[in-house]
Amino acid sequence: MRKSVLFLVATTAITPALGDRARAEARAETGVTGAPEDLHQKRADKTTAMTKQNKFFKSTGDAEQVIVTGTRESHVKARQSISPVVVISAKTLERTGELNVSNALTRTYPSITMSARGSNTNSLVSSVQMRGLGPNETLVLVDGKRRHSTANIVQKPGPQFASSGVDLNMLAGNMIDHIEVLEDGAAAMYGSDAIAGVVNIITKKKDHGLSLSGQGGANAYLGNGVQYQLDADGGFKLGKDGFVHLGAQFYHTEHAIAWGPDHALLGAWPAGADTKNYFVGVRPGSESWRGRKTDYLSTPKETRETFALNFGKPLAEGVELYGQATLAYRHAEMRAYKFPYIVPAAGIEELRPITADDELDYAAELGLKGEDLFGFDWNLSSVYGGDNSRISIRDVVNLGQLARTGYSPSKFWDYTQKNTQWTNNLDLRRGLKIWTMPVSLAFGGEHRLDSYQIVSGNPESYLDGGPVEHAGIPPQSAGTWYRNIYSAYVDATFRPTRKLSIDVAGRYEYYTDTENTENGKISARYDFTNRFALRGTIANGFRAPTLQESHFSRLNIYAGTGSVGGQLPVQSDAARSLGAQGLKPERSVNASAGFTMEPVRGFHVEADVYQINLRDRIVQGGTIRGPQALDAIRSFGFDVSPTATNAAASSAYFLSNGASTRTQGLDIKADYLVRMHSYGNLALTGALNLNRTRLHHNGLSTLGRPLLNEQTIGYITTATPRSKIILNALWTVGKWDINLRQTRYGETTNMMTYQDWTPASARCEKGGALRYSNSCFGQFKNTPRWLTDIEIGYRITSRIHASLGVNNVFNVRPRRLPGVLVPAGGSMYDQFSNQVPFTGGYYFGRVSASL
């Protein structure tokens with residue numbers, strides 16, 4: 001593959017010498033790679049030379065948004081694209097009624113899902129999953145430039161384990177003009193992470209106007225989850241020919257709690273149940289707790305302020321300065337009730353720990369772009385961004401310190417994570433001809449500096465076993481790590497005939513901390529008529545391990561059980577003693593094929609099948625239990641002496657390139673506008689995603705043990721719905737608009753641990769007790785679910801619009817777990833399923849004004 005990619009780069013790079021120095025007459029609205037929009041409006045009205053020569057390149061959807069994702073050409077619309085691209089407008093996102101960008105995307109686009117779980121720090125990360133793969137396999141861009149990821153790594157097992165994707169909710173949602181989703185592997189175009197696809201967020205860049213809006217709502221059936229958001233954005237001119245656009249957003253939400261029964265507080269339980277950690281009926285003085293329910297499954301309480309700025313200013317004829325800045329601050333809290341913590345010796349009758357995250361997210365971009373540099377359009381940019389996440393816990397005590405000294409603080413700073421990314425790009429593009437064939441050529445280079453830092457918590461958080469719930473990060477887990485990435489790419493689009501378009505791309509990336517990679521892509525589209533076209537792509541891709549995956553470590557203390565669980569950094573001697581070895585990049589081969597057609601005027605249909613073969617997938621490594629695991633945890637330096645009294649139940653795990661998977665699927669999209677004259681217009685849209693992932697290889701540790709068990713295999717294969725359908729009808733008549741949306745989530749399946757109500761006599765067929773077994777699991781299926789959403793709006797004046805809506809009108813919830821699979825103090829739902837949310841019906845109202 002390396003030779004073929006180098007040949008591709010070499011042959012494509014010399015094509016300017018083979019043809020004329022003709023250039024495309026038009027500019028892309030967002031620069032060479034999707035940077036801020038071109039201010040030379042007179043040029044934006046022209047069409048490219050290639051478009052003029054190919055009438056079949058034109059679409060009947062003339063009002064459709066011009067895209068900049070998945071193409072380096074000018075003025076390409078989504079239905080003209082060689083690769084499938086979906087455009088989601090800001091209005092479409094707004095009509096979901098969701099105040100978080102990530103949630104809004106799941107309501108509008110069936111290939112995107114996200115975890116429904118809401119416990120611990122996992123719930124403080126809002127990363128999306130695409131086509132059943134993890135958040136790290138989806139690349140997120142902002143105006144065509146790579147966005148930095150969150151510092152907050154998902155620490156608990158599940159479909160998103162060890163991911164640290166881009167947190168979409170830390171962007172000002174009201175600054176989004178539209179979102180473009182590329183449904184193809186695009187590592188050859190954009191580099192690492194673009195395996196499942198690319199999400200490109202295009203921001204507003206108007207030089208006039210002011211928009212204001214406010215929304216409030218609550219999860220009515222839960223009786224909680226009150227939230228509200230205030231938005232403001234507007235633009236003004238910068239001199240005579242420049243612009244500045246500003247936006248700000250304030251968001252607040254209370255906990256949405258799905259209360260459930262707690263085995264530890266019932267006072268009665270099945271014969272043979274494990275009651276050693278129960279309270280009512282077991283511990284003296286606990287009767288006042290009888291009948292209380294758990295709030296373990298909940299959304300965080302969160303306050304978030306976000307700000308964004310865009311500007312552009314021509315400096316000379318054909319040269320423009322542009323820039324962007326984003327800033328966000330979040331304070332979020334999770335309260336896990338579980339079973340009560342009681343310390344009679346200290347007079348403590350109730351401890352309710354609260355885990356908090358204070359997070360600062362920021363980015364700044366500055367760039368220059370221009371025309372006619374030896375016949376090329378050019379774009380030079382630099383983007384620096386980062387995320388700081390400070391984790392603390394309060395309303396808790398360190399039992400080991402309390403026993404040793406008679407004193408313990410009630411608030412602990414556990415650790416801080418910092419993740420930064422500095423990216424510099426130079427992109428060049430021009431149009432030319434090889435003999436009579438139009439060619440669009442683009443090439444460029446990129447340098448990126450990644451850094452990741454862990455700052456250890458205060459000593460009380462990790463000494464003497466740390467506070468109940470979880471320990472802080474000690475100094476031996478702290479550190480700062482860097483890496484440099486250098487890359488170069490070339491991308492050329494050929495049009496041998498008026499009907500045939502071929503795009504060829506190649507990219508080379510050099511990493512200072514892992515393997516280098518070469519990637520190539522070839523896509524083709526053939527327009528049989530101006531209403532029917534076939535398209536297809538084959539490409540290879542990769543994802544380099546993140547610095548978090550390589551270096552993060554953590555110790556969990558299970559209060560009252562005498563057991564601990566530790567995640568060890570994969571490169572440490574402690575992890576290697578358990579069979580770990582260093583991480584290497586994931587590798588993929590993507591193939592897709594489909595068609596786009598307009599069988600009758602105004603009725604558009606697209607369908608694409610895809611297959612993603614992903615090898616060396618980074619997953620949770622083999623979980624080791626018993627004295628060997630405890631010895632590895634101690635050898636790494638974790639202080640577990642006061643708490644780790646149950647070596648048999650203690651465990652340790654690490655990350656590994658432990659799986660090879662194959663994902664196959666189908667995307668279908670259709671839309672039609674019914675014009676009913678005096679009865680208004682009815683816009684109908686439908687989208688379907690079918691998706692299946694299978695495990696093709698389960699790796700072995702250096703000790704010869706399988707790295708994945710049935711449960712962890714389920715997290716990466718069947719925790720995402722096999723199908724998802726979104727049907728939407730928007731009726732506008734006079735001053736009224738009514739939006740009705742039906743969403744069907746297909747089945748998910750997970751392998752659940754047998755919990756405390758499993759009889760002690762039950763045995764695992766692979767050996768040992770069935771209760772808490774790491775070898776035998778209970779299969780649980782979340783059956784398909786339909787959600788119904790409705791919103792009714794009224795335009796009060798030409799500038800003021802108000803609406804009322806309900807998401808999940810019929811209060812549909814996930815299927816409940818049977819008693820033997822429900823953990824004491826835990827959730828009655830499968831919190832690892834990426835299916836329907838547990839929050840039930842949500843009622844909201846919104847008022848917006850444009851000035």
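Does tyrosine 278 count as buried or exposed, and at what relative accessibility? At 1% relative accessibility, tyrosine 278 counts as buried; the term buried denotes under 20% relative accessible area, exposed over 50%, and partly exposed the range in between (1.4 Å probe, protein chains only).

## Basis of the report

This is a predicted model, in which local features need pLDDT of at least 70 and side-chain atom pairs count only at pLDDT 80 or more, while totals for chains, interfaces and linings use all residues. Residues are numbered from 1 along each chain as its sequence is written, and side-chain values use heavy atoms, with hydrogens and water left out.

## Aromatic pairs

The structure holds 17 aromatic pairs. Rings of Phe, Tyr and Trp (its six-membered ring) pair if their centres lie within 6.5 Å; planes under 30 degrees apart count as stacked, over 60 as edge-to-face and the rest as tilted. One of the pairs is formed by tryptophan 269 and tyrosine 278: the ring centres are 5.4 Å apart and the planes stand at 75°, so the pair is edge-to-face. Tryptophan 269 is partly exposed, with a relative accessible area of 30%, whereas tyrosine 278 is buried at 1%.

The rings of tyrosine 452 and tryptophan 481 have centres 5.9 Å apart and planes at 25°, so this pair is stacked. Tyrosine 452 belongs to strand 23 (residues 437-456) and tryptophan 481 to strand 24 (residues 479-494), so the pair ties together parts that are 29 residues apart in sequence. Strands (E, at least two residues) and helices (H or I, at least four) are DSSP runs, numbered from the N terminus. Both tyrosine 452 and tryptophan 481 are buried. Elsewhere, ring pairs link Tyr526, Phe528, Phe532 and Phe595 into a cluster.

## Charges over rings

A charge is taken to sit over a ring if NZ of Lys or CZ of Arg is within 6 Å of the ring centre and within 35 degrees of the ring normal. Arginine 131 lies over the face of tyrosine 610, at 3.7 Å from the ring centre. The charged end of arginine 292 sits over the ring of tryptophan 289, 4.1 Å from its centre.

## The disulfide

The structure holds 1 disulfide, a term for a pair of cysteine sulfur atoms within 2.5 Å. Cysteine 764 is joined to cysteine 776, with an S to S distance of 1.9 Å. The torsion about their S-S bond is about 65°, so the disulfide is right-handed. Cysteine 764 and cysteine 776 both lie in the loop between strand 38 (748-752) and strand 39 (778-782), so the pair ties together parts that are 12 residues apart in sequence. Cysteine 764 is buried, as is cysteine 776.

## Positive phi values

Most residues other than glycine have a negative phi. Aspartate 193 has a positive phi of about 90° although it is not a glycine. Aspartate 193 is located in the loop between helix 6 (187-190) and strand 10 (197-203), and is buried, with a relative accessible area of 18%.

Aspartate 372 has a phi near 60°, a positive value in a residue other than glycine. Aspartate 372 is placed in strand 20 (residues 354-373) and is exposed, with a relative accessible area of 52%.
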